[in-house]
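Please open the structure in a viewer and follow the stops below in order. Each stop gives a selection and then describes what is found there.

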Amino acid sequence: MSTTNITVPDIGGYDNVDIIEVLVKEGDTIAEGDSLITLETDKASMEVPATVGGVVKKVLVSEGGTCSEGDVIVEVEAEGAAAAPAAETPAEEKPAEAAAPAPAPAAPAASGGSRIETVLIPDLSGASDVDVIEVLVKDGDSVEEGDSLITLETDKASMEVPAPMSGVVKSMKISEGAKVNEGDLLLELEVSDGGAAPAAAPAAEAAPAEAAAPAPAAAPASSGGVEQVLIPDLSGASDVDVIEVLVKDGDSVEEGDSLITLETDKASMEVPAPKAGVIKSMKISEGDKVNEGDLLLELEVSGGAAPAPAAAPAQEAPKPAAPAAAAPQKAAAPASGANIAAMDQKNKSVHAGPAVRAIAREFGVDLTKVKGSARKGRIVKEDVQAYVKSVMKQVEQGGGAAAAVTGGSGIPPIPAVDFSKFGETEMVKLSKVDKITRDNMSRCWLNIPHVTQFDDADITELEAFRKSMKDEAAKSGVKLTPLPFLIKAAAIALTRHQKFNASLHSDGEHIVYKKYVNIGIAVDTPNGLMVPVIKDADKKSIYELSKEANELAGKAKDRKLKPNEMQGACFTISSLGGIGGNGFTPIVNAPEVAILGVSRADIKPRWNGKEFEPRQMLPLCLSYDHRAINGGDAGRFLTDLNGLLSDIRRLLL
């Protein structure tokens, strides 16, 4: 026996995720793949599966708490590797015989007939008496593996139960409106006999935890076989763009090799090969849109242990919540001035699933105004999307106050021009990052009354000190540039001038003052403008700021930034010092209220009281939101910042 800690896996860069359900307790016996806890973000819910089997010795989290990637969930006393297989076999065979007696007499028919398989209700994450809100097939229907059979709904989520294999529905045992539990008989399925393989199938079929996922994934024997590779957990995102396909049919891949590159509105990610093998059939091409669980490719696996696709069933249940992520990509106009909390409370009384309510929250939609098209007036995501489209159509046709916000106060659009009349042209599609930058900058420029103030900071002593420390910094692995000094000075100035470390509340009645100092740094990348965020910049040294800024800039250029590395900024620095120019007017990045633009330093004559002397001057451009900051506030902030940069000893005070 050995004690193993099971930790929270990669959850897409989110921190402090809500634990909405703890599914095990001390003393429980669990198998690999069993669900331990259910997590919920603002976009989706997911269950965390056990990575080993054994007995739960200690549960280290509680319902209603929060957790982050790497936190320990439970301590498990795992059985020895040698003894485990022998112990598991009898335990699995008994429920197989009890729950699925029908397949037993079908074993002799290996010569090419058919057999009757029983399909059971799969793992429901501990829920009982779950409502059947829709039956999608009837007796006599032909179904393919993965086709949806029924739709279930709990008080937390809705899910569809897929067919574990292809066949003909002989007898549907459940009707719409019924209540079901894990292991209940769903239907009898007539399956074509494919040879001797069915002998092993009933054992896998009877296990409730596996009934929700396609059984053939477990079929290949120890000599290898063809396996399906699916799109993994996308942290709730949906319709994600495939921007690059890195392999093709016939390629050999090793475990961990990148297969495709995906891009959401926040970051890009590469999908790795789950094991080594040869690509038999690539199912996705560049430019496609994919969702969690979609078939990526078929992989002929190199010889080895039998595949264990335990992760697939674990992901199946929360999958219906994924459509909630479609909203953030489009949600440009939440209900202006509305009390979101009150609207959420009102939406809970409407007949709709959690995923639909999440979409409504992102769009700012009052579900009481949406007409449901499903059974008994239930609202589905298509109803919300149709409602939003109808509202947007009214706005485009001259719809009052909403048009003033989204359309720039009635500013007429720029007319279309056929540029090819004047010479040769090339049409290039905007990347997702370019589109987000376009929309965000337009929104910020139209909604924020900008003012920009200019000043020059004397950085002669700072530059002399920096150059004298470059070699020593390099020995510590630090590339010492002017940027960390700017970040440090800005962080100190933000702690002294509260109005700049603030945001206007969405209700229009309050201003939020922040007790933390997070600074965004604008990075020019081949894929567009990215703004990674340095957290708690006021608490870090120059060396720490330099290392973190270089690391984040590298991640931005390689498209490796996680969502939490681009969120939570209080203030942004946009430096064009390495490019040139002597001034510009940066656009405030809402909900921040100010941004600092930095241009190229230059030698200029400065009067010292007796004579002109050459000094190295750094142009600073401070843009701010005049609704939150007055000219006097900006003058004091810029003067303080100037003093910190002109005399670096002040950075220590």
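**Stop 1**

Select Asn 16, which is exposed, with a relative accessible area of 54%. The model on display is a predicted one. Asn 16 sits in the loop between β1 (2–7) and β2 (17–22). Its backbone has a positive phi of about 50 degrees, although Asn 16 is not a glycine. Most residues other than glycine have a negative phi.

Select Asp 129 next, in the loop between β9 (114–120) and β10 (130–135). Asp 129 has a positive phi of about 50 degrees and is not a glycine. At 47% relative accessibility, Asp 129 counts as partly exposed.

**Stop 2: A cis peptide bond**

Select Ala 590 and Pro 591, which are joined by a cis peptide bond with omega of about 10 degrees. Most peptide bonds are trans. Pro 591 is located in the loop between β32 and β33 (594–598).

**Stop 3: The aromatic cluster**

Across the whole structure, a search finds four aromatic pairs. Select Phe 500 and Phe 637, which form a stacked pair, 4.1 Å centre to centre with 15 degrees between the planes. This pair links distant parts of the chain, 137 residues apart: Phe 500 is in the loop between α11 and β26 (502–504), and Phe 637 is in helix α13 (residues 631–646). Both Phe 500 and Phe 637 are buried.

Phe 571 and Phe 637 form a tilted pair, with 5.8 Å centre to centre and 50 degrees between the planes. Phe 571 lies in strand β32 (residues 571–575) and Phe 637 in helix α13, so this pair ties together parts that are 66 residues apart in sequence. The relative accessible area of Phe 571 is 0%, and this residue is buried. Phe 637 likewise counts as buried, at 0% relative accessibility. Together, Phe 500, Phe 571 and Phe 637 form one aromatic cluster.

**Stop 4: Salt bridges**

The count of salt bridges comes to 22. Select Glu 190 and Lys 170, whose closest N and O atoms are 3.6 Å apart in a salt bridge. Glu 190 lies in strand β16 (residues 185–192) and Lys 170 in strand β14 (residues 167–172), so the pair ties together parts that are 20 residues apart in sequence. Glu 190 counts as partly exposed at 25% relative accessibility, and Lys 170 counts as partly exposed at 44%.

Move to helix α13 and select Asp 633 and Arg 636, which are three residues apart and separated by about one helical turn. Their side chains meet in a salt bridge (3.1 Å, N to O). Which of the two partners is buried and which is exposed? Asp 633 is buried, with a relative accessible area of 14%, whereas Arg 636 counts as exposed at 52%.

**Stop 5: Two surface patches**

Select Lys 467, Lys 470, Lys 479 and Lys 557, which form a positive surface patch. Lys 479 is in the loop between α10 (460–475) and α11 (482–496) and is exposed, with a relative accessible area of 61%.

Finally, select Ile 411, Trp 445 and Leu 446, a nonpolar surface patch with about 330 Å² of accessible area together. Trp 445 belongs to helix α9 (residues 432–447) and counts as exposed at 51% relative accessibility.

Notes:
Residues numbered from 1 in each chain as written. Predicted model: local features only at pLDDT ≥ 70, side-chain atom pairs only at ≥ 80, totals over all residues. Heavy atoms only, no water. Patch = residues over 30% accessible without salt bridge, like charges linked within 9 Å, V, L, I, M, F, W, Y side chains within 5 Å. Areas by Shrake-Rupley, 256 points an atom, 1.4 Å probe, with all protein chains shown as cover. Salt bridge = Lys/Arg side-chain N within 4 Å of Asp/Glu carboxyl O. Lys, Arg positive; Asp, Glu negative; His and termini not counted. Charge placed at Lys NZ, Arg CZ, Asp CG, Glu CD. Helix = DSSP H or I, 4+ residues; strand = E, 2+ residues; numbered from the N terminus. Buried < 20%, exposed > 50% of the residue type's maximum accessible area, 1.4 Å probe, protein only. Phe/Tyr/Trp six-rings, centres within 6.5 Å; stacked < 30°, edge-to-face > 60°.
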